[in-house]
Amino acid sequence: MKDMLKKLVSTQAHFGHQRRFRTPQLKKYLYTCYNGIDIINLDYTINQIDICLNFFQKNKEKNILIISSRELCPKGNWKQILKWKPGYISNFVFGKLEEFPEIIIVDKAAYNDNLINEAKKANVIIIGLCDTNTPNEILGKLDYPIVINDDNDNAIKLLLNILIEHKKH
């Protein structure tokens, strides 16, 4: 756990948004506010990661789809989509996916409301990477929210590597 904490701090995963953009529901995940910037309590983030890892342990055979506008995902037996087009899930038969996703990892959940709604209707499990500005409406739709600095490529890359490496084993 200390090793993961050091890695998260080194990627600046603990920096949130300015306090004026904070979603009130996410206040419980904050350590403090320093000079108007929210500081995420990484103990909560690590706990959320552990919950996801336990979920992966119990669901090794499920298909994963990663939705991220950035190419940060390690290579492996999962699919990454850089640009979500409405209908990939609800029109699966006609869509471009080879296999129906059972788990979706969403980078920048705050900006993917259509995707989250579509996945919810299809009973797909959603792991959402959230920053301190993720709206309550979106936060409530996520099965497994992980509060992290979703604007930092290094933090997201580290988190995806942790999740995917655990899924492999």
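Me: Which residues does phenylalanine 15 touch, leaving out those up to four places away in sequence?

Reply: Phenylalanine 15 touches Ile37, Asp38, Ile39, Ile40, Asp131 and Asn149. Keep in mind that this is a predicted model. Contact here means heavy atoms within 4.5 Å.

Me: What makes phenylalanine 15 partly exposed?

Reply: Its relative accessible area is 33%. Buried requires under 20% and exposed requires over 50%, with partly exposed in between. Phenylalanine 15 has 33%, so it is called partly exposed. The residue sits in strand S1, residues 15-18.

Me: Why is glutamine 48 called buried?

Reply: Glutamine 48 has 8% relative accessibility, and the label buried applies under 20%, so glutamine 48 counts as buried. You will find glutamine 48 in helix H2, residues 42-58. Apart from residues up to four places away in sequence, glutamine 48 touches Tyr29, Pro145, Ile146 and Val147.

Me: What kinds of residue make up the contact of H1 with H2?

Reply: Let me start with the partners. Met4, Leu5, Leu8 and Val9 in H1 meet Leu42, Thr45, Ile46 and Ile49 in H2. These residues divide into 7 nonpolar, 1 polar and no charged. As for geometry, the axes of helix H1 (residues 2-10) and H2 come within 10 Å and cross at roughly 115°. The crossing of H1 and H2 is right-handed.

Me: How do you know that S4 and S6 pair?

Reply: Two strands pair if there are at least two bridges between them. S4 (residues 64-67) and S6 (residues 103-106) have 4 bridges, so they meet that condition, and they run in the parallel sense. Within this pair, leucine 65 stands opposite isoleucine 104.

Me: Are the residues on the two faces of S6 buried or exposed?

Reply: Ile103 and Ile105 on one side and Ile104 and Val106 on the other are all buried. In S4, Ile64 and Ile66 point one way while Leu65 and Ile67 point the other way, and all are buried.

Me: What makes lysine 120 partly exposed?

Reply: Lysine 120 has a relative accessible area of 32%, which falls between the 20% and 50% cut-offs, so it is partly exposed. Lysine 120 belongs to helix H3, residues 113-121. Leaving aside neighbours within four places in sequence, lysine 120 is in contact with Ile126, Lys141 and Asp143. Lysine 120 and lysine 141 are 21 residues apart in sequence, with 7.4 Å from C-alpha to C-alpha.

Me: Why is lysine 108 called buried?

Reply: The relative accessibility of lysine 108 is 18%, and buried means under 20%, so lysine 108 counts as buried. Lysine 108 is found in the loop between S6 and H3. Its phi is near 55°, a positive value in a residue other than glycine.

Me: Why does asparagine 35 count as exposed?

Reply: Asparagine 35 has 68% relative accessibility, and exposed means over 50%, so the label is exposed. Asparagine 35 lies in the loop between strand S2 (30-34) and strand S3 (37-40). Asparagine 35 also has a positive phi, about 50°, although it is not a glycine.

Me: How many helices and strands does the chain have?

Reply: There are 5 helices and 8 strands. Along the sequence they follow the pattern α-β-β-β-α-β-β-β-α-β-α-β-α. Buried residues make up 50% of the 169 residues.

Me: What share of the contacts with a separation of 6 or more comes from residues 24 or more positions apart?

Reply: That share is 56%. As for the surface, the accessible area of the chain comes to about 9,100 Å², and 49% of it belongs to carbon and sulfur atoms.

Definitions and conventions. Residues numbered from 1 in each chain as written. Predicted model: local features only at pLDDT ≥ 70, side-chain atom pairs only at ≥ 80, totals over all residues. Heavy atoms only, no water. Buried < 20%, exposed > 50% of the residue type's maximum accessible area, 1.4 Å probe, protein only. Areas by Shrake-Rupley, 256 points an atom, 1.4 Å probe, with all protein chains shown as cover. Axes fitted to C-alpha atoms, helices over the stretch in contact; angles between N-to-C directions. Left-handed = near helix turned anticlockwise from the far one by under 90°. Nonpolar A, V, L, I, M, F, W, Y, C, P; charged D, E, K, R; others polar.
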